[in-house]
Amino acid sequence: MNSFLPPSMAMSGLASPASRAAEIEAPGESRVAALLLARYNLRYLVRLYSAFDGDLLLPIVLGEVGLYNVGGFGFDENALAALRCYGDAFDRLPLRPCNAFSISSSTGIPRETVRRKVSHLIQNGWITRDAKGGLTITAKAAALCLQPFDDENLPDFIATADRVRTVMMRAAA
């Protein structure tokens, strides 16, 4: 169930006494951190809106396909090195295919909508469908679409994280 209450209010019965005390002592710092994160998230959504011609469901579906595809890799150094590849090397990665049903189940997007978005992503060359119907992200999606977007997003994310860290350190002091 979706809730529009802040986590501190929606789950206040689950918070530890120490965390509730910290929220009471420094509510202003928590609000500042929340505002910084909200501003970042809004900028991120605007970038996604622009990058995907106003269709915010496309990056959700594309992201879900890509994350499922690499989900079995783990995050050790060898797996991360494999993910840094591009071009022909990307095409040889042992990606784990998914399907429209699993995307629909994990995102809550209706299956027919997912199928339409998948068709659009296939037409753009951002995902492929294998003989069994499995969906995988393409090197084109990583190279043409995701890299320039990451080049713009990463500095914003790091700057926001640094500002949030500074605010929270001040609250902890």
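Predicted model: local features only at pLDDT ≥ 70, side-chain atom pairs only at ≥ 80, totals over all residues.
Colleague: Let me zoom out. How many helices and strands does the protein have?

Modeller: Nine helices and two strands. Reading from the N terminus, the order is α-α-α-α-α-α-α-α-β-β-α. Of the contacts with a separation of 6 or more, 63% are between residues 24 or more positions apart.

Colleague: How do I read "buried", and what percentage of the residues is buried?

Modeller: Look at the relative accessible area: under 20% is buried, over 50% is exposed, and in between is partly exposed. In this protein, 27% of the 173 residues are buried. Threonine 160 counts as buried because its relative accessibility is 6%.

Colleague: What is threonine 160 in contact with, beyond its neighbours within four places in sequence?

Modeller: Leu36, Leu37, Tyr40 and Arg43. With arginine 43 there is also a polar contact between the side chains, at 3.2 Å. You can find another polar contact of 3.2 Å between the side chains of threonine 113 and arginine 116. Threonine 113 lies in helix H8, and its relative accessibility of 15% is why it counts as buried.

Colleague: Now salt bridges. What's the general idea, and how many are there?

Modeller: Side chains of opposite charge can pair when their charged atoms come close. The count here comes to six salt bridges. One of them joins glutamate 29 and arginine 170, whose closest N and O atoms are 3.3 Å apart. Glutamate 29 is in helix H3 and arginine 170 in helix H9, so this pair ties together parts 141 residues apart in sequence. Glutamate 29 is partly exposed, at 21%, and arginine 170 is partly exposed too, at 49%.

Colleague: Which residue forms a salt bridge with arginine 47?

Modeller: Aspartate 156, with the closest N and O atoms 3.0 Å apart. This pair also links distant parts of the chain, since arginine 47 sits in helix H3 and aspartate 156 in helix H9, 109 residues apart. Arginine 47 is buried, at 11% relative accessibility, and aspartate 156 is buried, at 15%. Arg43, Arg47 and Asp156 are linked in a network of salt bridges, and Arg43 is the residue that contacts threonine 160.

Colleague: Where do aspartate 162 and arginine 165 lie?

Modeller: Both are in helix H9, three residues apart, which is about one turn of the helix. Aspartate 162 is partly exposed, at 37%, and so is arginine 165, at 48%.

Colleague: Last one, the surface. Which residues make the nonpolar patch of about 280 Å²?

Modeller: Leu45, Tyr49 and Leu56. Leucine 45 belongs to helix H3 (residues 27-51) and is partly exposed, with 41% relative accessibility. Overall, the protein exposes about 11600 Å², and carbon and sulfur atoms supply 61% of that.

Terms used: Residues numbered from 1 in each chain as written. Heavy atoms only, no water. Patch = residues over 30% accessible without salt bridge, like charges linked within 9 Å, V, L, I, M, F, W, Y side chains within 5 Å. Areas by Shrake-Rupley, 256 points an atom, 1.4 Å probe, with all protein chains shown as cover. Salt bridge = Lys/Arg side-chain N within 4 Å of Asp/Glu carboxyl O. Helix = DSSP H or I, 4+ residues; strand = E, 2+ residues; numbered from the N terminus. Buried < 20%, exposed > 50% of the residue type's maximum accessible area, 1.4 Å probe, protein only. Polar contact = N/O pair within 3.5 Å; in protein donor to acceptor, adjacent residues only side chain to side chain. Contact = heavy atoms within 4.5 Å.
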